[in-house]
Amino acid sequence: MDERDLRGLIGRVKGGGLSRRAFVQRMVALGLTAPMAGLMLAGNGVAMAADIRSGYKPTKAGGGGALKLLWWQAPTLINPHFAIGTKDQDASRIFYEPLAAWDADGNLVPVLAAAIPSKENGALAADGRSVVWTLKPGVKWHDGKPLTADDLVFTWEYARDPATAAVTAGSYKDCKVEKVDDLSVRVLFDKPTPYWCDAFVGIVGMVLPKHLFGPYSGAKSRDAPQNLAPVGTGPYRFVEFRPGDIVRGERNPDYHLPNRPYFDTIEMKGGGDAVSAARAVLQTGEYDYAWNMLIEDEVLKRLETGGKGRVDVVYGGKLEFLLLNATDPNVEVDGERASITTKHPAFSDPKVCQAMNLLVDRKSIQTYIYGRTGKPTANTVNGPERFVSKNTSFAFDPAKANALLDEAGWKKGSDGIRAKDGKKLKLVFQTSINAPRQKTQAIIKQAAAKAGIEIELKSVTGSVFFSSDPANPDTCTHFYADMEMYAYSMTQADPAIWLLMYASWEVAQKANKWQGRNVVRWRNDAYDKAYNAAQSELDPVKRAALLITCNDLAVSENVLPLIHRAEVSAVGATLTAPRSGWDNDLSFLPDWYREA
C-alpha cells in the first residue's frame, strides 16, 4: 500500500465510509500495531472519542445513585503531580483531568482538549518541534472559575520546578509552554520530538488550577490545602477525604460532557486487602468495583461463582518486576542510605545479577499464582508489539546460577551460604503485603537458598510501601533493601516515559525527596545514549529499535521482569465500566453507568 492508498483510506474514515475499527484491522493485516494505526488516525484529525463513547446509554446526567469503589491500597493525597502509587493517581483522576487520554486500543482521545493535534489540522509541526493544544470552550473548575490557557502554563511551570519535587517533572522539564490565546497553548521542544503527546496527557497530564495552586508552587508545594481537597474539572466534585481511608465526591452539575456523569455520588474506599475487596464485589455485591485484583486466579474463579459480579481482564503495560539495588542500602553517606556514591557489594557484579535472574521460576509463578491474569516475560516493555524485544529470553536454571556465582568468587561456606571477601551473601527482599507477592517471594527465596543465597523476606503495608512521604524510610522509592518487587504500569501506548525508570538523571535520591523515577539507581552510559537518541528520532522504525536497545540493556543487569500483568478488576454484574490498559482505571469514569 502506497501513501496515496493510505490517505484514501483515512479519507474514507473521515467521511464515514469506513469505520475506525475496519481501518485498524487493515493496518494490522499489513503489519502495523493497533495502537499505531489508531495514532495514525488521530494524527490525521480523525475524532477518536466517538468510538469509545458510541455505546453510552444514559440520556441524562445523574439519577444513578451511589457508585462505590474499593481500592485496597488507600490514597494518602489527591495531587496527581505527587502521586507515586496508582492509588493516589486514581483518586486524583476522580477530580482532575488531562487534555487527552489513551483508550483501550492505545489511541489518543480528547478530554479537556477540543481535538487531538495533527499535521492536517495545523496543530502539529512537521519538524516535530512544536504542538498546539486548544481547550474545549466553556469548561469550568469546580469552584466556577473558567479553565484557561493560563492553567496549562501554570501546570507546566509547577511540575517542572525542582523545588516542587513533582513526580511528573520528567514530562515537563524538557519543553516550553507558551500561551497563544485564552484557550490555546503552544508546547515547544528544543529538538525534533516524536513523542510530543507526553505533557498534559494521561496520568501525568492532569491540569491544576492556577488560582488555587499559584500561591503554593515551588518550595511551598506540599503546603497547598488542595493537596487534600481537590478542585478540578472532572465529573465529580470533592466532598470529603480522610487520608488512608476514604474519598467522597458528588456529581458535577456543570460537567463538560453531555449526559454525564450517570452516578450522583462516588465513594472510593481504601484499605483492607485484595481478597476482601474482590469478595465485596463478586460475592456480596456490597461494592460496585474493586481495583487491582492481585489475587491467585483460582481464588478469583471461586469468588466469581457468587454471581454478583465478574472479573475484568485488560492487558496493557503493567509489569510485575524484581529490582536488584545498584547501591548499598546498608551504608550511609551524608545522612543518606543507598547513595549513588556507593555500589552494592553483590549486585555491582553482572554475574551475580545474572545468577539471580536464573533463580526466578517465572513459569511456576504464572502457573500457580497468576493464571489468566499474567504472562511470564523477559522484557520490561511488553507492548505495543513493535516495541517488544525479540532479543531477550528467560530460563530457570539453578545449576547455571551456581556456576556463575562460583565464577564471581562467591564461595559456599560450611553453613551453605556463599561469601566473598568476608561478606556473606545475605539479602533483604522487600515488597508490599499481598498474598501473590508473598508467595512469589517464597518461590524465589527457596530457589536462592539452593544456590547458597540467604534471603530475608520483608513485607510492608501497601499504604506505607507506596507512600509519597519523603520522611518514610520504608517506601519503594527509598529502597533501603537489597531487592524489592512491585508492579508498575506503562500508562502510555509508547515506552518513552516508561523507560525513564532506568535513566541516570531520574535517580530517586535525597536531593529530589526520592521522587525520581529510577528507583533501582542503576546507571548506564549506553542506555542514556540510546534513550536520548530515540527522543529526537522521527523515523518510527529507527526509534523503535533504539527503545528496544534500552529495554535490552536494562534487563541485562539490575532489572528482572517477572510477569506481564493484566489490569484485573472486580466489576458488579450490572456495571458498565470502560477501561484502558494504557491509562489509569478511572480514565473513562464519566462513561460508567449501571444497567437497569
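This is a predicted model: local features need pLDDT of at least 70, side-chain atom pairs count only at pLDDT 80 or more; totals for chains, interfaces and linings use all residues.

Student: What is the average pLDDT of the protein chain?

Tutor: The average is 91, and 91% of the residues score at least 70.

Student: Why does the radius of gyration of the protein chain agree with that of a compact globule?

Tutor: The radius is taken over C-alpha atoms, and the globule rule is 2.2 Å times the number of residues to the power 0.38. For 596 residues a compact globule would have a radius near 25 Å; the protein chain has 24 Å, and therefore the two agree. The C-alpha trace spans about 75 × 55 × 50 Å along its principal axes.

Student: How many helices and strands does the protein chain have, and what makes a run count as one?

Tutor: There are 16 helices and 23 strands. Both are DSSP runs numbered from the N terminus: a helix is H or I with at least four residues, and a strand is E with at least two. Of the contacts with a separation of 6 or more, 71% are accounted for by residues 24 or more positions apart.

Student: Why is S389 called buried?

Tutor: Buried means under 20% relative accessible area, exposed means over 50%, and partly exposed lies in between (1.4 Å probe, protein chains only). S389 has 5% relative accessibility, so the residue counts as buried. S389 is placed in the loop between β14 and α12. Not counting residues up to four places away in sequence, S389 touches N379, I548, N551 and D552. With N551, the separation is 162 residues in sequence but 7.3 Å in space, C-alpha to C-alpha.

Student: Is Q89 buried or exposed, and how do you know?

Tutor: The relative accessible area of Q89 is 10%, so Q89 is buried. Q89 belongs to helix α5, residues 86-93. Its contacts, leaving aside residues up to four places away in sequence, are A83, I84, I203, M206 and N584. In the protein chain as a whole, buried residues make up 58% of the 596 residues.

Student: What makes D539 partly exposed?

Tutor: D539 has a relative accessible area of 31%, and therefore the residue is partly exposed. D539 is found in the loop between α15 (525-534) and α16 (540-555). Its C-alpha atom is separated by 8.3 Å from that of P194, although the two are 345 residues apart along the chain.

Student: Why does G138 count as exposed?

Tutor: The relative accessibility of G138 is 64%, so G138 counts as exposed. The residue is in the loop between β4 (130-134) and α6 (149-160). G138 and T305 are 167 residues apart along the chain, and their C-alpha atoms are separated by 47 Å.

Student: What is the phi of D334, and what is that of D421?

Tutor: Phi of D334 is near 50°, a positive value in a residue other than glycine. D421, which is not a glycine, has a positive phi of about 55°. D334 lies in the loop between β12 (332-333) and β13 (336-337), and D421 in the loop between β16 (418-420) and β17 (423-424). D334 has 73% relative accessibility and so counts as exposed; D421, with 77%, is therefore exposed.

Terms used. Residues are numbered from 1 along each chain as its sequence is written. Side-chain values use heavy atoms; hydrogens and water are left out. pLDDT is the predictor's confidence in each residue, from 0 to 100. Contact means heavy atoms within 4.5 Å.
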